[in-house]
Amino acid sequence: MTLEARLAAYIARRMPEAREVAVRDLARIAGGASRETYRFRLTWTGDGQARERKLILRRDPPASLIDTERRIEFEAYRAFHGSAVPVPEMLWLEEEDAALDHPFFVAEEIVGCQASPALLWAEPYLAVHDALGRAMWTILGEIARAEPEALGLDRVMPSVAADACWDRELSYWEGVLDADEAEPLPTTRAAIRWLRAHPPPPAQKVGVVHGDYRTGNFLFDEAGRIHGILDWEMAHLGDPLEDLGWSLNPVWTFGRAKAGGLVDRDAAIEVWESASGLRADPDALHWWELFNCVKGQAIWVSSARVWLDGGAREPIVVYPAWAMMNAQDRATLQVMGWL
Amino acid sequence: MALVPKVPDVLAEMAGQMVRAADPAMPDAESASGLGLSALLLGLAAEMFDKAAHLLFTENRAVRALLGQGARTIPDAAFAGRLRALSHGVDEDLRVSALQAQNGVLRAALIELHIAAEGADGPAARALETAIWEELVDSSERRKLAGSPV
């Protein structure tokens, strides 16, 4: 049975009132290193009328470069749907393998937008960088402002004390490096030693951390508006400065010497502070920026490990290792003041 | 620029994927997605192919010099002896895989030396620490790809 037919059969079970459920134009979307992503049209008959909806299927691959908890990702999207943080509507989460061989979820497709950051460096998008930057860090501030308890996310995300956020994250990603590195990483190891010797102050609040908030993980239009924040697979509770630090990681400047390739760093921080109601203490933010260089390197190293262990033999797992590891070293050296 | 996974392994796998992508039964979107990323990797492989041996040879020589400096600076006699032995090495096999294996051994020792330098007192230790950081910067320059974002 084709993937279309199996998906249609699954959805038909989830929509018992619908008739003639069909999946059409199923096509894989490029990228997606942690999940396989497909778009498709769902057609069905309901209340005697022909109906259609554009949807997204996100399915776990046989091997992924990021070990993630799909329920947490699904619940994070669902928690923010309808809020000041734009996200697609989540429809169904399936955690068993039976239906489509691997766990997956189905979500609304936000249409009429772009996702590729490569488009941002040419017109008409060059003209709206300021608006996009303001939207990007305003939304990140809204995520930081959100209360996990009010969203119900404290029930699905492991809790952490305000003074333990940094150690939990650093220990986790250092563990990933220990397990996955194929070559010695002198710059990253030196950064880890510095981070442990100079811990940041306790978090101002324990909030929702997106975990991969950067240029390239949102849907945008030609007017500089953001219509969807994507890729919540690393969402967790922690210090909101962690997300700000990741968004400012030099590897996400795309070589443009601006925060996210879009706006001046000070402007991005000012917008985030205004929207979040929090302060970006320079020393604390520096710690989290350097931490995110370590985290980035751990992700690229994991990507190579997927290949080396005979997991996914897809170009998408090679590209981060080849293209990003030295760039991440350079980012680390830059944040530490050596470059 | 990173050389893991190894370039020949990746090129061999990509060759197989391109054969499969050329199959008329392969859906267009899936085929285009795979080929686009494969093309990106081919570009990176082309850039690495020309300079990989030179950069590894240069880097191994630079790290050996640092290990020699470390052997003269670090008071731990056993560690200093190991550093001295590594510093006297020579790259006789110039295949990328051989240079890369040596590079791994040398950079692992460099990490140990960096930790020892950080923990040692005195101007010689500070000078060694600075020299290590300078080599890490130089290494990142050697390995920098044309399209690097940083």
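Two strands pair if DSSP finds at least two bridges between them. Helices (H or I, at least four residues) and strands (E, at least two) are DSSP runs, numbered from the N terminus. The model is predicted: local features need pLDDT of at least 70, side-chain atom pairs count only at pLDDT 80 or more, and totals for chains, interfaces and linings use all residues. Residues are numbered from 1 along each chain as its sequence is written, and chains are lettered from A in the order in which they are written.

**View 1. Strand 4 and strand 5 of chain A pair in the antiparallel sense.** Their pairing extends over 4 bridges, strand 5 comprising residues 104–108. A:Trp92 has A:Val106 of strand 5 as its bridge partner.

**View 2. An open sheet of 5 strands in chain A has the order 1-2-3-5-4.** The pairing is antiparallel. Strand 1 and strand 4 (90–94) of chain A each have a single partner strand, so one side of each lacks a neighbour in the sheet.

**View 3. Helix 2 of chain A packs on the sheet.** This helix (residues 70–80) touches strand 4 and strand 5 of chain A. Its direction makes about 165° with that of strand 4 of chain A, where axes are lines fitted to C-alpha atoms, for helices over the stretch in contact, and angles run from 0 to 180 degrees between N-to-C directions.

**View 4. Chain A meets chain B.** Here, 37 residues of chain A are in contact (C-beta atoms, placed from the backbone, within 7 Å) with 35 residues of chain B. Helix 10 of chain A gives the most to the side of chain A that touches chain B, with 15 residues.

Technical notes. Two residues are in contact if their C-beta atoms, placed from the backbone, lie within 7 Å.
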